[in-house]
Amino acid sequence: MTGSRPAASFTADDYRARMERAARAAADAGLAGLLVAPGPDLVWLTGYAPTADTERLTLLVLAPDRDPVLVVPTLEAPDAAKAAGAPALTLRDWTDGKDPYEATAALLDGSGRFGISDNAWAMHLLAFQRTLPDTSYASLTEALPMLRAVKDTAELELLAAAGAAADAAFEEIRKVRFGGRRESEVADDLAGLLRRFGHSQVDFTIVASGPNGANPHHEVGDRVIEDGDMIVLDFGGLKDGYGSDTSRTVHVGEPTDEERRVHDLVREAQEAGFRAVRPGAACQDVDRAARAVIADAGYGEYFIHRTGHGIGVTTHEPPYMIEGEERPLVPGMCFSVEPGIYLPGRFGVRIEDIVTVTEDGGRRFNDTSREMVMVE
């Protein structure tokens, strides 16, 4: 998420603690260090987001027994020095015409294995492999999937505020007219409301009406919403550097008995998934609990995605609530619980809340009604 800004409340000490924690996690994973390129990991670790992600190398180098170093182009060094986490690291700049890989290589174990940002440019990784042919690399998601997963108190407060802002947007959007308008027009209204309630970045505003609702990731289009349509609303983005993501399904006019039944079923599944959240439970237990409700009612083949994903400085990140993920839930983890039923060519229903694990269960960050909502 280059360009996204962290909340101003984090201090250099906060970032120092995160970098130390990341370096320890790297050592525990058998890595010689971490190479962090511009993106959400760099923002989370240092508070720095370059104004543009270019071909010039910017890289945070973390190693267990060394102070953190941020390698930056000289022309961007003044901006990097203003980052909230800058006092907790050493800046090493390089000028055009010099080889940044040779300069960075002096900071690295020439035969080590490093974790590297998933979004690092291939040209940079290949250059390191040429410069240090005995090194090897693993993506950060593969090597340290839980690096950002457990949130501290300040992060939880920011996620709760983002959820409340998304809830406020829903309470307003349900008041607007849907029938006779294009999906894209309602989506524009929704994006405006997210910004009105404090989002600096809108990542998605899905408005999937009628048969489009059967596509979980429907791209908003020019379909005119009709009376009798079920409409899946899925929207979110970043507020003060932390994400929101919620889904509610509304109906234009009175729904049919089947539409009510399917909506009630998804609501029951979402509640079952939420009630499965507790410390020590496996991520897959949340998926299983929600999925069982839908499968037992005969709609299992129409629930076609995982039950949830993590959220933090990005709107999608580990952990994932999916079959096969046996990682235990830990207090401070935050993720979506979002079961759905999608009937091809007809309609879809999805209900989604962001949830955090507490010491004795779970807490929702979204509190708008999960009942069927009728709109005009």
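Before moving on, a word on what is on screen. This is a predicted model, in which local features need pLDDT of at least 70 and side-chain atom pairs count only at pLDDT 80 or more, while totals for chains, interfaces and linings use all residues. Residues are numbered from 1 along each chain as its sequence is written, and side-chain values use heavy atoms, with hydrogens and water left out.

**Stop 1**

Now widen the selection to residues 69–73, which make up strand β3. Five bridges join β3 to β4, and the two run parallel. (Strands, E with at least two residues, and helices, H or I with at least four, are DSSP runs numbered from the N terminus; two strands pair if DSSP finds at least two bridges between them.) Show the whole sheet and you can follow six strands in the order β4-β3-β2-β1-β5-β6, an open sheet with mixed pairing. Its edges are β4 (90–94) and β6 (136–139), each pairing on one side only. From one strand to the next, the twist averages 25 degrees. (Axes are lines fitted to C-alpha atoms, for helices over the stretch in contact, and angles run from 0 to 180 degrees between N-to-C directions.)

Next, colour residues 18–150, which an unreviewed UniProt entry annotates as "domain: Creatinase N-terminal". UniProt positions are given in the numbering used here, feature names are shortened, and annotations may be inferred rather than shown by experiment. The end C-alpha atoms of this span lie 12 Å apart, and the span is 32% helix and 20% strand.

**Stop 2**

Which residues line the second largest cavity? Select V61, A63, R66, D67, V69 and L107, and you are back at the residue where the tour began. The volume here is about 40 Å³. (On a 1 Å grid over the protein atoms alone, a cavity is a set of points where a 1.4 Å probe fits but cannot get out, and a pocket is an open set with protein on both sides within 12 Å along at least five of seven lines; lining residues have an atom within 4 Å of a point. Grid points are joined across faces, edges and corners, and a volume is the space filled by probe spheres set on the points.)

**Stop 3: the largest pocket**

Select D41, D118, T141, R148 and P318: among the 16 residues lining the largest pocket, these lie nearest its centre. About 270 Å³ of space lies in this pocket. Elements giving two or more residues to the lining are α2 (40–46), α6 (140–143) and β11 (317–321). The largest share, three residues, comes from β11.

**Stop 4**

Colour residues 158–359 next, the stretch where UniProt (unreviewed entry) places "domain: Peptidase M24". Its end C-alpha atoms lie 19 Å apart, with 31% helix and 27% strand in the span.

Then pick V250 and V373, which stand opposite each other, V373 being in β17. Strand β9 (residues 242–252) and β17 run parallel and are joined by three bridges. Both belong to an open sheet of four strands, ordered β7-β8-β9-β17, with mixed pairing. Its edge strands are β7 (201–209) and β17 (373–375).
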